[in-house]
Amino acid sequence: MPRVDQRRWAEVYLKGLLLVQGKKTVRKISDDVLSIPAHQSLQQFINQSPWSWEPVRAHIVEYTEKAEPPRAWVLDRVAIPKRGERSVGVGRHYLPEAGRVVNSQIGLTTVLATDRGGIPVNWRLLMPEKWTSDRELREAAYVPEEVQPNPEWAEYLDMVDELDMSWDSARAPVVADLRQVQDSGKLVAGLAERGLEFVTEIDGSLEMCTGAHARENVKTHGRKGALGRAMTALDFSFLSTRRRRVPQDASGHLKVVSHAVSVPVGDEGGFREARLLSEVARNGMPKRFWVTSLTGESVGDVLDLARLAKRTREELPTLDAFGLRDFEGRSFRGWHHHATMVSAAYALDRLGWQPEGDADTDH
């Protein structure tokens with residue numbers, strides 16, 4: 001942060017997120033950390049101060065990588081229920097974990113998955129259409145003109161690009177559970193286009209194309225299968241000539257079918273070699289699907305990476321202990337400032353204090 005006063009208030013806020021018990025409101029942080037009524041200055045630091053969150057997040061990435069090289073970049077979402085209608089980005093969203101529609105903000109995050117746990121290092125706020133089309137709402141929350149209601153898959157790609165190209169992070173496989181993401185094939189295609197390795201769990205309805213017939217199918221059927229119709233992940237799970245059963249546990253109960261497939265790259269009709277993994281139930285029916293660019297790795301190693309998506313989803317609720325859901329401001333800038341400070345507190349708690357130039361020493 002460029003200014004001394006910004007760094008001073010950042011330290012106060014960080015201490016509050018780490019040490020204050022219960023709900024971490026600006027007033028409570030001010031009272032408990034400083035023991036003086038300075039909440040207005042702290043509120044200004046979070047909601048109005050013009051510090052950029054991107055360099056801070058880039059520093060959290062560097063801090064994490066020095067402590068431990070990440071095994072994967074995991075993409076996930078966090079739902080933050082809200083009562084009112086004025087908090088930036090709030091809308092009616094169907095939450096699979098709740099099984100119903102909930103008035104909430106949806107925060108998208110990129111997590112660096114390390115052996116010590118996942119560190120959320122980047123954030124996007126999913127913006128419903130009303131927050132860009134309603135001028136009054138937009139101005140009240142100080143939403144920048146360049147912010148648009150992008151689909152979830154596009155926001156994920158934008159975060160990956162920032163991590164990969166702007167912050168010069170060491171590449172790691174991208175891991176995600178995309179079963180609830182609309183147009184998830186576009187995210188898979190985008191990762192392939194960028195040359196990134198990936199392991200993504202997908203819905204069985206996602207359209208695929210075989211590696212052996214990709215060029216012929218594109219030429220004669222567009223991106224369709226040998227039967228003249230689109231071939232989904234579920235279709236491939238029944239191609240007995242292309243599948244190989246791989247037992248994945250000592251009891252042999254878990255069976256995985258492996259297929260050679262291709263995924264589209266960009267808009268030019270090109271394809272990248274990939275593989276489709278299908279978990280088969282005891283009755284012989286496929287029930288889960290993953291598409292991955294890791295064609296040379298063992299199925300066990302690929303599934304170990306895929307499990308990081310589940311681990312991340314189980315870990316993200318612990319961000320509540322660092323105040324993720326406690327932000328009471330309504331501005332776009334304030335939300336991103338708060339999420340960034342939560343990431344900093346979480347990284348410090350998980351990785352320990354690392355003095356400059358000595359990343360291996362914890363104090």
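Select Tyr 13: leaving out residues up to four places away in sequence, Tyr 13 touches Val 26, Ile 29, Leu 42, Phe 45, Ile 46, His 338 and Met 341, where contact means heavy atoms within 4.5 Å. This is a predicted model, in which local features need pLDDT of at least 70, side-chain atom pairs count only at pLDDT 80 or more, and totals for chains, interfaces and linings use all residues. Residues are numbered from 1 along each chain as its sequence is written, and side-chain values use heavy atoms, with hydrogens and water left out.

**The whole chain.** Show the cartoon for the protein chain, which has twelve helices and twelve strands. Helices (H or I, at least four residues) and strands (E, at least two) are DSSP runs, numbered from the N terminus. Of the 363 residues, 52% are buried; buried means under 20% relative accessible area, exposed over 50%, and partly exposed in between (1.4 Å probe, protein chains only). Among contacts between residues at least 6 apart in sequence, 64% join residues at least 24 apart.

**The core.** Tyr 13 and Met 208 have the most contacts inside the largest nonpolar core, which has 104 residues. Helix H12 gives the most to this core, with ten residues. A nonpolar core is a set of buried Ala, Val, Leu, Ile, Met, Phe, Trp, Tyr and Cys residues joined through side-chain atoms within 4.5 Å.

**H1 with H2.** Next select helix H1 (residues 4-19) and helix H2 (residues 26-34), whose axes come within 9 Å and cross at roughly 95°. H1 and H2 are therefore roughly perpendicular to each other. Axes are lines fitted to C-alpha atoms, for helices over the stretch in contact, and angles run from 0 to 180 degrees between N-to-C directions. Angles under 35 degrees count as roughly parallel, over 145 as roughly antiparallel, 65 to 115 as roughly perpendicular and the rest as oblique. On the H1 side the contact is made by Trp 9, Val 12, Tyr 13, Lys 15, Gly 16 and Leu 17, and on the H2 side by Val 26, Ile 29, Val 33 and Leu 34.

**H1 with H3.** From H1, Gln 6, Trp 9, Ala 10, Val 12 and Tyr 13 meet Ser 41, Leu 42, Phe 45 and Ile 46 of H3.

**Ser 343.** Move to helix H12 (residues 332-351) and select Ser 343. Ser 343 is buried, with a relative accessible area of 1%. Its side chain reaches the backbone oxygen of Pro 120 at 2.7 Å. Beyond residues up to four places away in sequence, Ser 343 touches Ile 60, Pro 120, Val 121 and Trp 123.

**Ser 87.** Go to the loop between strand S1 (72-81) and strand S2 (91-95), where Ser 87 lies. Is Ser 87 buried or exposed? Ser 87 is buried, at 13% relative accessible area. Not counting residues up to four places away in sequence, Ser 87 touches Lys 82, Gln 105, Trp 131 and Arg 330.

**Asp 177.** Finish in strand S5 (residues 174-177) with Asp 177, which counts as buried at 16% relative accessibility. A polar contact of 2.7 Å joins the side chains of Asp 177 and Arg 179. A polar contact is a pair of N or O atoms within 3.5 Å; within protein, one must be able to donate a hydrogen and the other to accept it, and residues adjacent in sequence count only if both atoms are side-chain atoms. Leaving aside neighbours within four places in sequence, Asp 177 is in contact with Glu 201, Ala 309 and Arg 313.
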